[in-house]
Amino acid sequence: MNKPISLRLGAAALALFASCFVARETTNAPLSYEHVAQLHPGETTAQEVAELLGAPSEVVQLGFRSAWRYNHVESKRAGIFLLVVTFLDTDARSDRVWVFFDENDVLTNVGSTFEADGAEWQMPWQDRAHGDDADAAADSDDSSDAAVVAPAAIEPAPESAQ
Amino acid sequence: MKRVARQLPAGTLPAGKLFAGTSLAGMLVIGALIQTSCISVQWTRSTLDESIPDERIASFSIGESSLHDALDVMGAPLYVWELPRGHAALAWGWFGMRDWGLKLSVPTEVAVDPSFQYNDIDNSLEGFVFVFDGDERLTLVRRGYLAEIADDLRRRPSFDVGQVETQRED
């Protein structure tokens, strides 16, 4: 086997063995911002919430009160395989709504986050449009243990002054 | 074009000679082994949701801020837990990892799904945990790994304002 043929074989093998993929995974149906805007604390009942948003993904009992979770997760994965080198990237973003009810099943609070549309197909070396939390986590020394937040950020009540 | 001979370390064969005695079948076997991903170098990055900067919690005050304030500023939490004495914990979390690694594996029929599950608090999730009393007043804020904070909170007998810690733990 002479050298040019070896080179061609090598190039062909590289082309054959290289592969890539993109994948998209969703959990639950997307949440509607318009539906969430129709929820009014002090007025909307649990039954009305169920009619508007459907069955919740989770119900948490808080004494006589309760909280319901609705969520939709959008996960995008991309990868390239080059012989023995693999590049993989996963970006998962979610829409979440938590609704809190009092003991009479009347809505008291609503918390909503809509970020699922921000999920991106990228390679590991590309910067996220919404900021790279992977880098932030790697650079942060404080993330290694649980900690009470700095006093400058949270003011204790007067009786808890130490 | 002028060719320059490269000096290879002792015991190293030039690529041409290295594969000179290797049959096509042999090369295909080697290629197949590589292709089955028995050995691979991986560069991976995984992110789940956006991190919340510490600055965002600067507006909260222990004993004053309410559940409504927290939801308004922080959005929907990842978890809500019931705690003793009518307290509730809300956790906002995120995950970010970027890593190089050498992977040596033997393919099996058992697949592991790395996706996030709400049922268990993943050990790698970072974030903030806010604790509210029965009147929905903020009594405690902690930052760190959610699983560790959750374990700690579940062991604590109470969450009175007087027990709020203000120093960073070592």
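Accessible areas were computed by the Shrake-Rupley method with a 1.4 Å probe. On this basis, chain A of the predicted model exposes about 8,600 Å², of which carbon and sulfur atoms supply 55%.

Chain A contains four helices and six strands, arranged along the sequence in the pattern α-β-α-α-β-β-β-β-α-β. Of its 162 residues, 40% are buried. Contacts between residues at least 6 apart in the sequence of chain A join residues at least 24 apart in 59% of cases. Chain B, in turn, comprises four helices and five strands, and its elements run α-α-β-α-β-β-β-β-α from the N terminus. Buried residues account for 41% of the 170 residues of chain B. Among the contacts in chain B with a separation of 6 or more, 65% are made by residues 24 or more positions apart.

In soluble globular proteins, nonpolar side chains tend to be buried together. The largest nonpolar core of the model has 24 residues, and those with the most contacts inside it are A:Phe100, B:Met74, B:Val80, B:Leu90, B:Trp92, B:Phe128 and B:Phe130. Two or more residues are given to this core by each of several elements: strands E2 (58-62) and E4 (85-101) of chain A, and helix H3 (67-74) with strands E3 (88-104), E4 (126-132) and E5 (138-145) of chain B. A second, separate core consists of 17 residues, including A:Val73, B:Leu48, B:Ala89 and B:Leu146. The surroundings of B:Phe130 were examined with residues up to four places away in sequence not counted. Under that condition, B:Phe130 touches B:Ile57, B:Phe60, B:Ala70, B:Met74, B:Ala88, B:Ala89, B:Leu90, B:Trp92, B:Leu138, B:Leu140 and B:Val141.

In H3(B), the residues B:Leu67, B:Ala70, B:Leu71 and B:Met74 are buried. These four residues lie on the same side of H3(B), because they cover an arc of only 95° around the axis. An α-helix has 3.6 residues a turn, so residues three or four places apart point the same way. Just after H3(B), B:Gly75 adopts a positive phi of about 80°. In helix H4 of chain B, which spans residues 146-155, the buried residues include B:Leu146, B:Ala147, B:Ile149, B:Ala150 and B:Leu153. Viewed down the axis of H4(B), the buried residues fall within an arc of 160° and therefore line one face of the helix.

Aromatic residues were considered next. A pair of aromatic rings is described by the distance of the centres and the angle of the planes. Over all chains, the count comes to 14 aromatic pairs. One of these pairs is stacked and consists of A:Phe21 and A:Phe81, with 5.9 Å from centre to centre and 20° between the planes. This pair links distant parts of the chain, since A:Phe21 belongs to strand E1 (residues 19-27) and A:Phe81 to strand E3 (residues 65-82) of chain A, 60 residues apart. A:Phe21 has a relative accessible area of 29% and is therefore partly exposed. A:Phe81 likewise counts as partly exposed, at 27% relative accessibility. One aromatic cluster is formed by A:Phe87, A:Trp125, B:Trp43 and B:Trp100.

Charged side chains also lie over aromatic rings. In chain A, A:Lys76 lies over the face of A:Trp121, at 4.4 Å from the ring centre. In chain B, B:Arg143 lies over the face of B:Phe128, at 5.6 Å from the ring centre. B:Phe128 is also among the residues with the most contacts inside the largest nonpolar core.

Most residues other than glycine have a negative phi, and most peptide bonds are trans. A:Asn28, a residue other than glycine, has a positive phi near 65°. A:Asn28 is located in the loop between E1 and helix H2 (33-37) of chain A. With a relative accessible area of 41%, A:Asn28 is partly exposed. In chain B, B:Glu136 has a positive phi near 65° and is likewise a residue other than glycine. B:Glu136 is placed in the loop between E4 and E5 of chain B.

Notes:
Residues are numbered from 1 along each chain as its sequence is written. Chains are lettered from A and ligands numbered from 1 in the order in which they are written. This is a predicted model: local features need pLDDT of at least 70, side-chain atom pairs count only at pLDDT 80 or more; totals for chains, interfaces and linings use all residues. Side-chain values use heavy atoms; hydrogens and water are left out. Buried means under 20% relative accessible area, exposed over 50%, partly exposed in between (1.4 Å probe, protein chains only). Contact means heavy atoms within 4.5 Å. Rings of Phe, Tyr and Trp (its six-membered ring) pair if their centres lie within 6.5 Å; planes under 30 degrees apart count as stacked, over 60 as edge-to-face and the rest as tilted. A charge sits over a ring if NZ of Lys or CZ of Arg is within 6 Å of the ring centre and within 35 degrees of the ring normal. A nonpolar core is a set of buried Ala, Val, Leu, Ile, Met, Phe, Trp, Tyr and Cys residues joined through side-chain atoms within 4.5 Å. The arc is that of the directions from the helix axis to the C-beta atoms.
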